[in-house]
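Student: Can you walk me through this one? I'd like to go piece by piece.
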Amino acid sequence: MKRFFDNPAGSKSNKSNSNKRRSIAAVIITVLIFSLIFTMVSCNQQSGGNGTKVLNIGVIQFAPHPSLDNCYEGFVQGLKEAGFVDGENIKIDFQNAQGEMSNSDMIAKNMAASKYDMIVGIATPAAMSAYSAAKDNDIPVIFTAVSDPVAAGIVKSLERPEYNVTGTSDVLPLEAQLKMIRAFLPEARKIGVVYTTSEPNSVSHLSQFRELAGKYGFEIVEAGVTSASEVAAAAMTVVSKGVDCINNFTDNNVVNNLSSVLHAADGAGIPVFGSEVEQVKNGCLASESIDYVSLGVETGKMAASVLKGETKASEMAVKLISDSTPVYNSSVLERLGLALPAEYEGAEDAAAAK
Amino acid sequence: MDIIIGIMRNILEEGFIYGIMAMGVYISYSVLHFPDLSVDGTFPLGMCVTAALISSGVNPYVACVVAFICGACAGCVTGLLHVKLRITDLLSGILVMTAMWSVNLVITRGSAVVPFYNKDTIFNSGAVSLLPDGLYAWRILLISAVAAIAVKLILDLYLKTKSGLLLRATGDNQQFVKSVSRDPGTMKIIGLTIGNGCTALAGSILSQVSESANINSGTGMVVMGLASVIIGTSIFKRLSILKPTAMVLTGSVLYRACLAVAMQLGLPTNYLKLLMAVIFTFALVANNVLAKGKKYETPEY
């Protein structure tokens, strides 16, 4: 690469001439292959339109994540219940952005360029990509698992989105969670929280949690982290401040490093409360969790009504889903020597499910 | 047909915008032989600065310039750490990249995502309003192409100046720079300043396309920039009519094209990274195979 700027005129030999010809050939072949592939793609997309019109739906999931997977599963189910079956009257193009913004933007733009009839964004960044790509083409966008769509700028208000965008929003049942912690630990005073400072959901959950905590006689001890490597140290810090339990939000980073948090809590013999059923299966004591499958089902039904032309996305209110169901883990309960509170007798035992 | 044109347009738009960054990476990586990791931090820096300025009502063109300057400052810091404090090239890049995370969060006032939908950007205000209606869909491509080509021409001009020649000499032969009693350290700092300025400018333009800034968007930028540089320069190495900046720009478009084609063909996104590694390898090997006629050169990558 050193010779890029050197003037090659002086050193040019007969050999380099033939090389040049060969490399030009290589370039031409590359271009040909590309155009060939493009033609194939276009043929693919034009087929399938015999008789009834097949609607194309693009789905972008921001990252591989169990809750988001559940959302998608529910979404497909919701569409099915409303009469839209993948492969029959609709064609779903599901893409996972692998947690990268540039992927998410590119997927959304390609979907908009392919003139899909609807784009669905699962999780906030995916919804934002879908919105900005679809804006010019007026393709309806449906989102799910977006905690605060107004703050993300994709709807004007929850009641009337104004833009051609609507969907469902998951609201973490923080109050129910505090009530549950109080029932399990009647003596507890301090709740530890580990959260990631760059996750907007966690920051807003923390401030709400702190406001509500006083009502139940709790004090919040928090530790912010910026990356996966800091979770273990932050959990240790929180534990060393003498908390009676640790509570998790839907913080992706902390949830992905749940074992570090559990390890720190186990050392001190205190329980960890989760935010969804998967965490309870993996060793949290209990949680009030949102059912992401039913969140997805709800979203699928909204999408179906837009596809049928019953309502416009811009006029359909965003649905907040905050119904939660309690779950607990009996083996963790036993290990910590705690008793199941009477009011949670009917709760689902996640240990049995595993 | 519309669909193909639409997808091609996206490829070109993104190719040009990321191409500006790739040219910055070209300056640090190929000209200076400096593996600059601070790019992962300066790309979102450009985005965050732009988001902060545009959402407080600053002219978008001014925002682009400020983003460039901020990126340049960050690049300058990388250079100073390396040259003045004698920290190794990789480490000084890592230090700046790490520090940028916090700086970016300060700029966005602690939020990871800053949307600025429906504000004035370079794509919907100023010169764009003069475009005829028929060209409206092409405005992003037009402006990003103009921006990329402008950056390319300015870089070409700069590299021909005395300072530009010294910059190239610094990467190849530091002894020579010293022999004409110039400081190769200063040249390195200048090169990194330009490179990171370009990166931040690319971030700024990209954030104006998506009308939002994301603090996590820097992940993988170094790799993307390097891929563009290597694909471009390997494929077109023997075409001496093309300037290296043009090769890099084309490389960036080819890189985006590969990704888009793979996705259109239904390749699950899980395999994208693997695909990129394969294309990367192919570009490197193809270069060696094509060079067979000549005496074997050890690759300098």
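Student: How many helices and strands are there in chain B?

Tutor: Chain B has 11 helices and two strands. Helices (H or I, at least four residues) and strands (E, at least two) are DSSP runs, numbered from the N terminus. Before going on: this is a predicted model, where local features need pLDDT of at least 70 and side-chain atom pairs count only at pLDDT 80 or more, while totals for chains, interfaces and linings use all residues. Residues are numbered from 1 along each chain as its sequence is written, and chains are lettered from A and ligands numbered from 1 in the order in which they are written.

Student: In what order do the elements of chain B run?

Tutor: From the N terminus on, α-α-α-α-β-α-α-α-α-β-α-α-α.

Student: And what is the radius of gyration of chain B?

Tutor: Chain B has 19 Å, which agrees with the value near 19 Å for a compact globule of 301 residues. The radius is taken over C-alpha atoms, and the globule rule is 2.2 Å times the number of residues to the power 0.38. Along the principal axes, the C-alpha atoms of chain B fill a box of roughly 55 × 45 × 40 Å.

Student: What percentage of chain B counts as buried?

Tutor: 54% of its 301 residues. A residue is buried if 20 or more other C-beta atoms lie within 10 Å of its own, exposed if 12 or fewer, and partly exposed in between, with C-beta atoms placed from the backbone.

Student: Switching to chain A. In what order do the six strands of the open sheet come?

Tutor: The order is 2-1-3-4-5-11, with parallel pairing. Two strands pair if DSSP finds at least two bridges between them. Strand 2 (90–96) and strand 11 (319–321) of chain A are the edge strands, each pairing on one side only. From one strand to the next, the twist averages 15 degrees. Axes here are lines fitted to C-alpha atoms, for helices over the stretch in contact, and angles run from 0 to 180 degrees between N-to-C directions.

Student: Which strands does helix 3 of chain A touch?

Tutor: Helix 3 (residues 101–113) of chain A packs on the sheet against strand 1 (55–61), strand 2 and strand 3 (118–122), and its direction makes about 175 degrees with that of strand 1 of chain A. Helix 4 (residues 124–134) of chain A also packs on the sheet, touching strand 1, strand 3, strand 4 and strand 5. Contact means that two C-beta atoms, placed from the backbone, lie within 7 Å.

Student: How many bridges join strand 3 to strand 4 of chain A?

Tutor: Four, and the two strands run parallel. Gly121(A) has Phe143(A) as its bridge partner in strand 4 of chain A. Strand 4 (residues 141–144) also pairs with strand 5 (residues 165–170) of chain A, in the parallel sense over three bridges, and Ile142(A) has Thr166(A) as its partner there.

Student: Which way do the residues of strand 4 of chain A point?

Tutor: Val141(A) and Phe143(A) point one way, Ile142(A) and Thr144(A) the other, and all are buried. In a regular strand, side chains alternate between the two faces of the sheet.

Student: What about the nonpolar core? Which residues have the most contacts inside the largest one?

Tutor: Ile119(A) and Ile122(A), in a core of 147 residues. Such a core is a set of buried Ala, Val, Leu, Ile, Met, Phe, Trp, Tyr and Cys residues joined through C-beta atoms within 7 Å. Helix 1 (residues 2–31) of chain B gives the most to this core, with 15 residues. A second, separate core of 41 residues includes Phe184(A), Ala286(A), Val332(A) and Ala350(A).

Student: Ala286(A) sits in strand 10, then. Which strand does strand 10 of chain A join, and in what sense?

Tutor: Five bridges join strand 10 to strand 12 (residues 324–328) of chain A, and the two run antiparallel. Ala286(A) has Tyr328(A) as its bridge partner in strand 12. In strand 10 (residues 286–290) of chain A, five of its five residues are buried.

Student: Last topic. Is Lys115(A) exposed, buried or in between, and where is its place?

Tutor: Lys115(A) counts as partly exposed, with 13 C-beta neighbours inside 10 Å. Its place is in the loop between helix 3 and strand 3 of chain A. Phi of Lys115(A) is near 55 degrees, a positive value in a residue other than glycine.
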